[in-house]
Amino acid sequence: MTQFFVANVFADTELKTSDVFVTATRTPIPKKNVIADVTIITSEEIESAGSSSLVDLLQKQPGVEISNAGGAGQISTIFLRGNSSNHVVILVDGLRINAVTSSLTALSNISLSQIDKIEILRGSASSLYGPDAVGGVIQIFTKQGVNGFSPYIAIGLGKYNTKSIQAGIRAGNQDTSYSFNISGFNTSGFSAYKTTNPLLNDKDGFTNTSASGSLSHQFNEKNQIAFQFFNSNGINHYDNHNAPDYHYPTAYQKLDFRSQMIQKSFAVTFKNNLTDNWSSNLKIGRGIDKNIQAQIYNLDDFTYYSAHDKNITTQDQLTWQNDFKLPLGNLTLLYDQLDQKISADTIYDKTERSNKGYMLGYNLNQNNHDLQFNFRLDINSAYRQNETGNIGYAYHLNDRWRLTSSISKAFKEPSFDVLYYPADSWGSRPNPNLKPEKSFSRELSLKYQEGFENFSVTFYKNDIKKLISNVTEGDCDISCTSTPYNVGNAEINSAIFSLNKFFGHFEIAGNYTFQSAENTATHKDLNLRSSQYGNLRLNYFIGDWKLGIESSGSGLRYQDTDNKIPLPGYAIFNLVADYKLSKDIKVNMRLNNLLSKDYELNFSGFNRSTGFASQAESASFFINLRYEPQ
């Protein structure tokens, strides 16, 4: 009876789930046969997120922690199963769009309105994706064309003068499909800093305009060509308590720090079935990350720029993947080429490097057994070659329960900042002789799946060697230098529990993570990582309504590597309601931070007096109305 109700609830509210996962093997595979620890965030979940950002949505997923520098559009970093942000590869339609100077992706600048689906692969994946996939891969899929004609438009309003609009068309037939999507978002925001300083305690707003599109044409049963593009342009206002002119508050009425973030990607893909058992997929594309920072002074009636810093990353990417159907299993042969280049106002010692990757993969799904094997060789122009591999096995105990296990090796390449950033007057020095960080991980899972209900528990261990850390030399009271070296080792252990269960009209879903992430030399916790955190959602379905309450929480973390500056634990609650006004019109309503919790996910530098405001001091609301003819 419960299963009957669940099926009808999802039919009535148009909730769907994807049965196919791509990121874990680089080939479409039924989710029931995926060995790795994965999550799919569907388009329905994205629409229900309302005004939430991509960062907010990811924070609700198993094994994910977030650090945020205060409000919408501010710098956000993600930790996946205790692994740092630069140990996670972020892809948009298969392309990297991160800044290679820092190895980070501007997640806060990627609009949810452009996204159709998100796949999260937890665990080492360098044997699939090459450099940096020590902790996992998050792949974002933008909206693509569909059969028929499906336009949509949505508008939203909320607190802090928050406004959003999005519109698009998804259409096509059996031969040709296309999509075009645009969106705008603007908020006055609140002060990024929690401070009483009137020059810092101002509103730090955020504006974003985004567009994406695709065009696909099927020449015949064996040959297809597809084009895609993505563009996101955001401007955020932020504060800088280190700016020297704050010492003269009477002279300067306002100091406005702005950062413009532009992310682009475009690609062409050729899909060919060369024989009945051999398919070829060739993708050629480019990812761009552009960041422009400006410091604007308003002195009396005169406005001028006092500082301007530009940093552009360009990544040309080519992937040629060949898949072969064997009498038993499937074989994948893949070649990757990644050419990275930076153009910046700061003169780096080197501005280019390239990476060539060769991968052999094998997958078998036979009776109660799933097997995955990957081996990859990466050759980089900046350092020696790296070999990585993965072996995974799953056994189906019955139609609902299965056991999975895997071991894998991965590596993280040094960023341009630590390799080639010029020495500065503060004593910081680059080190062009740095080697990649190396990791070896193991995991074991028990998984249950029946219809829309699921449960899993995953045990994970990752040993990371040659961590890059700054070493200070000399007496800093007189003169000292700080240089990065491969001197650190870390050990990460975690247990992740995840559950989704229906009880009549109620759905309960949540996850909880216990972890130990420490520097093995100092036995100190890795910074900004808690020993426990999790999320809980309770939804009630009745007629055309879905009513829910969400909760996210974390234990104590430390801002610094010496564990001297604690970030207290917290728990926040949100209310959400979805209502179907008609078959074509839906309304989404959210009340975030219901109890007006005052908490912080990060401090500025290492001083508790300059904490970043993760939320404003009171609850906030957002209402979104969506029209999509069915």
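Reader: In which sense do β6 and β9 pair, and over how many bridges?

Author: In this predicted model, β6 and β9 are joined by 5 bridges and pair in the parallel sense.

Reader: What other strand is joined to β6, and how do the two run?

Author: Strand β7 is joined to β6 by 2 bridges, and the two run antiparallel. Within that pairing, Leu91 stands opposite Arg96 in β7.

Reader: How many residues lie between β6 and β7 in the hairpin?

Author: There are 2 residues between them. Asp93, in the turn, has a positive phi of about 55°.

Reader: What is the strand order of the sheet?

Author: The order is β3-β8-β9-β6-β7, in an open sheet of 5 strands with mixed pairing. Its edge strands are β3 (37-41) and β7 (95-96), each of which pairs on one side only.

Reader: How do β8 and β9 run, parallel or antiparallel?

Author: Strands β8 (residues 115-122) and β9 (residues 136-142) run antiparallel and are joined by 7 bridges. Across this pair, Ile118 stands opposite Ile140 in β9.

Reader: Returning to β6, why is it described as largely enclosed?

Author: Strand β6 is largely enclosed by the rest of the structure because 5 of its 5 residues are buried. Both faces are covered: Val88, Ile90 and Val92 are buried on one side, and Val89 and Leu91 are buried on the other.

Reader: Let us turn to the nonpolar cores. Which residues of the largest one touch the most other members?

Author: That core has 28 residues, and those touching the most other members are Leu54, Leu58, Ile110, Ile115, Ile118, Ile138 and Ile140. In general, nonpolar side chains tend to be buried together in soluble globular proteins.

Reader: Which elements give two or more residues to this core?

Author: They are α3 (54-59), β4 (64-68), β5 (76-80), β6 (88-92), β8, β9 and β31 (570-580). The largest share of the core, 4 residues, comes from α3.

Reader: One last point: what is Ile138 in contact with, leaving aside its neighbours within four places in sequence?

Author: Ile138 is in contact with Leu58, Ile78, Val88, Val89, Ile90, Leu91, Ile118, Glu119 and Ile120.

Methods
Residues numbered from 1 in each chain as written. Predicted model: local features only at pLDDT ≥ 70, side-chain atom pairs only at ≥ 80, totals over all residues. Heavy atoms only, no water. Pairing = 2+ DSSP bridges. Core = buried A, V, L, I, M, F, W, Y, C linked by side-chain atoms within 4.5 Å. Buried < 20%, exposed > 50% of the residue type's maximum accessible area, 1.4 Å probe, protein only. Contact = heavy atoms within 4.5 Å.
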